[in-house]
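Reader: I have a structure open and would like to learn how to read it. Where should I begin?

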Amino acid sequence: MTAVIEVAGLTKTFGSVTAVNDVSFTVEENKIYGLLGRNGAGKTTLMQLLTGQDFATSGSIEVFGQSPVENAKVLQRVSFIKESQRYPEDFKPKHVFKSAPWFFANWDQEFANRLIADFRLPLDRRIKKMSRGQVSAIGVIVGLASRAPLTFFDEPYLGLDAVARQIFYDRLLEDYANHPRTVILSTHLIDEVANLLEHVIVIDEGRIIIDEDADTLRGSATAVVGTSTAVDAFVGTREVLHRDGIGGLASVTVAGLSEKERADARAAGLELSPVSLQQLIIRKTNLSEKEFEVSA
Amino acid sequence: MDESRPIFLQIAEQIENDIISGQLAEETQVPSINEFAAFYRINPATALKGVTLLVEAGALYKKRGIGMFVADGAQASLKGKRRDQFSAEFVRPLVAEAGKLGITPTQLAEMIRKEDTK
């Protein structure tokens, strides 16, 4: 596997705030990554560092084997679509699509035209007069049609309705299948994108708390439900990710169980229920918050 | 898709079901990885993992440059494998649940017989 991004010991501080805290990871070529985390976890800062839009306080970043900072060779192969994208005053979508090919070597105008029709985007209206969802659609179209070898989508669909989001997911998968590339998708809508992702990176308070293959992660936790006594007996010394209880009943989320353990649990009269990627991440980020409080 | 288990396993099972039911006949071509990915809205790498499982199990085989095909004898061998799982996945929980409700094995057998003649 070829690494597209290699990050080691990366830290970024803003005054007394540490937005990215000693982070190390690798991004492999031609996979779809999910960069997930709560608001203010450090996702956008991390992407800004990776695309050379901000300077690291310490640590190293290599994108396509080189530092991205003011490096045209790297940046012309990168597309970064961000939620907060601003356009020049009086710009219309047609101006955006006219200038995009100057920046992206792989720009596919035909694909862009198809997407414009799919999203029903008016081309001749001033962007500042457009709805939030329409502005987001411009970014999504640029991100897809640029076919950059490394594409970042940072919360690309603010204001996009469910239909438009589905179009985005379908077109992304379809185009990715025909033109493999590395995609990093940052979002809050974890359940919606869970099945698109091959690899998941979760960042919390500037640190990476999960860096795992999506399939491995999906099977890595189960909720065990039953009477408190039976649940406690089964859980024993296992790591508990989350615990809920009502009356004499308990629901405990534990790390992955083997087939035999599952059978044992069922034999003990316990019910096993799945934990979605979204729930798992919520549980894990809560856990680290508690750990953080204890250590503080 | 059910969230609790790896999706590639579910894809493999789905294809197995289609082979068992005869919807995917032996020696016919199965959809491509990208078609599976688009249909189930999943990452193509995940679809590939599911299909690879079936290739390793001998249920599918690859024709170079053409695509994947259902192997000769796949239906019978998958049915055999499913029969082995049947007891663990269905009969055991059935007997356990019946026991909880005070249904004896004889009564249970009678209930199954009735269901079958309906």
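This is a predicted model: local features need pLDDT of at least 70, side-chain atom pairs count only at pLDDT 80 or more; totals for chains, interfaces and linings use all residues.

Reader: What is the secondary structure of chain B, and in what order do the elements run?

Author: Count the elements, then follow them along the chain. Chain B has 5 helices and 2 strands. Starting at the N terminus, the order is α-α-α-β-β-α-α.

Reader: What radius of gyration does chain B have, against that of a compact globule of 118 residues?

Author: Set the value beside the one for a compact globule. For 118 residues that would be near 13 Å, but chain B has 18 Å. The C-alpha trace of chain B spans about 60 × 30 × 25 Å along its principal axes. Of its 118 residues, 21% count as buried. Take also the contacts in chain B between residues at least 6 apart in sequence: 57% of them join residues at least 24 apart.

Reader: Which residues of α1(B) are buried, and what covers them?

Author: The buried ones are B:I7, B:F8, B:I11, B:A12, B:I15, B:E16 and B:I19. Their cover includes α8 (214-218) of chain A, and from chain B α2 (33-40), α3 (44-56), β2 (67-70) and α4 (74-100). Just after α1(B) comes B:G22, with a positive phi of about 85 degrees.

Reader: How do the strands β1 and β2 of chain B run?

Author: Look at the bridges and the direction of each strand. Strand β1(B), residues 60-63, is joined to β2(B) by 4 bridges, and the two run antiparallel. B:K62 stands opposite B:M68 in β2(B). The two strands form a hairpin with 3 residues between them, and B:G65 in the turn has a positive phi of about 80 degrees.

Reader: What is the order of the strands in the open sheet of chain A?

Author: The 6 strands have the order β5-β6-β7-β3-β8-β9, with mixed pairing. β5 (78-82) and β9 (207-213) each have a single partner strand, so one side of each is left without a neighbour in the sheet. From one strand to the next, the twist averages 15 degrees.

Reader: In which sense do β3 and β7 of chain A pair, parallel or antiparallel?

Author: Parallel: β3 (residues 32-36) and β7 (residues 182-187) pair over 5 bridges. A:Y33 stands opposite A:I184 in β7(A). Helix α5(A) packs on the sheet, touching β5 and β6 (150-154), and its direction makes about 165 degrees with that of β5(A).

Reader: Which residues of the largest nonpolar core touch the most other members?

Author: Among its 93 residues they are A:Y33, A:V63, A:I141, A:L185, A:L197, A:V200 and A:I201. Helix α5 of chain A, residues 132-145, gives the largest share of this core, 8 residues. Beyond its neighbours within four places in sequence, A:L185 is in contact with A:I32, A:Y33, A:G34, A:L35, A:F153 and A:V193.

Terms used: Residues are numbered from 1 along each chain as its sequence is written. Chains are lettered from A and ligands numbered from 1 in the order in which they are written. A nonpolar core is a set of buried Ala, Val, Leu, Ile, Met, Phe, Trp, Tyr and Cys residues joined through C-beta atoms within 7 Å. A residue is buried if 20 or more other C-beta atoms lie within 10 Å of its own, exposed if 12 or fewer, and partly exposed in between; C-beta atoms are placed from the backbone. Two residues are in contact if their C-beta atoms, placed from the backbone, lie within 7 Å. Two strands pair if DSSP finds at least two bridges between them. Axes are lines fitted to C-alpha atoms, for helices over the stretch in contact, and angles run from 0 to 180 degrees between N-to-C directions. The radius of gyration is taken over C-alpha atoms; the globule rule is 2.2 Å times the number of residues to the power 0.38.
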